[in-house]
Amino acid sequence: MIKTKKFEFEVSALHFNFIEKIQELMNERSIKNKEFAKKLKVPESFVSQLFSGDKLLDLKLLTQIQKIFDVRYITKPYPKLSEQDLKENWKKIVMATAFK
C-alpha cells in the first residue's frame, strides 16, 4: 500500500469529508454520539475516534451509515491534479464524494 505524506493527506481529506457530512446528518436529526454509536453497534469511544481521525471509515461502516440515515453516497472520478492544485483546492476535490 502507498504510504506517502501526500497519500495520507488525501486519505484524511476524504475521511473528514465523510465525517463532516455524517455530523451534519446527526445535527439535522439531533442524534448525539452515544445514540449514533448504539445505532452502529460500536462503543461510543469508537465514534469519537472516527470523528478525531484516529480510526478511519471503511465501506462496511459507510454502508451501515447509509441505512441509518436513509441516504446514499455517490462518487465521481476527477482528473489527476498537480500537487499545487491539490493543496489549494482539496476541500472542493474531496466533495467528489458526497451524500445525496
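The second largest pocket has a volume of about 200 Å³. The model is predicted; local features require pLDDT of at least 70, side-chain atom pairs require pLDDT 80 or more, and totals for chains, interfaces and linings use all residues. Residues are numbered from 1 along each chain as its sequence is written, and side-chain values use heavy atoms, without hydrogens or water. Pockets were found on a 1 Å grid over the protein atoms alone, as open sets of points with protein on both sides within 12 Å along at least five of seven lines, where a 1.4 Å probe fits; lining residues have an atom within 4 Å of a point. Volume is the space filled by probe spheres set on the points, which are joined across faces, edges and corners.

The lining of the second largest pocket comprises 12 residues. L14, H15, F18, L57 and L62 lie nearest the pocket centre. Three elements, α1 (5–28), α4 (59–69) and β1 (73–75), each supply at least two lining residues. Helix α1 gives the most, with four. Helices (H or I, at least four residues) and strands (E, at least two) are DSSP runs, numbered from the N terminus. By class, the lining holds eight nonpolar, three polar and one charged residue. Nonpolar covers Ala, Val, Leu, Ile, Met, Phe, Trp, Tyr, Cys and Pro; charged covers Asp, Glu, Lys and Arg; the others, Gly among them, are polar.

Three aromatic pairs are present in the structure. F18 and Y73 form an edge-to-face pair, with 5.8 Å between centres and 90° between planes. Because F18 lies in helix α1 and Y73 in strand β1, the pair ties together parts 55 residues apart in sequence. F18 is buried, at 7% relative accessibility. Y73 is partly exposed, at 22%. Ring pairs also link F36, F51 and F69 into a cluster. Rings of Phe, Tyr and Trp (its six-membered ring) pair if their centres lie within 6.5 Å; planes under 30 degrees apart are stacked, over 60 edge-to-face, the rest tilted.

V11 is also placed in helix α1. Its relative accessible area is 24%, hence partly exposed. Buried means under 20%, exposed over 50%, partly exposed in between (1.4 Å probe, protein chains only). V11 and L56 are 45 residues apart in sequence, yet their C-alpha atoms are 8.8 Å apart.

Confidence is given as pLDDT, on a scale from 0 to 100 for each residue. The protein chain averages 83, and 76% of the residues score at least 70. Over residues 96–100, pLDDT stays under 50. For this stretch the model has 23 contacts (heavy atoms within 4.5 Å) beyond four places in sequence. Where pLDDT is low, the predicted coordinates should not be read in detail.

Methods:
pLDDT = per-residue confidence, 0-100.
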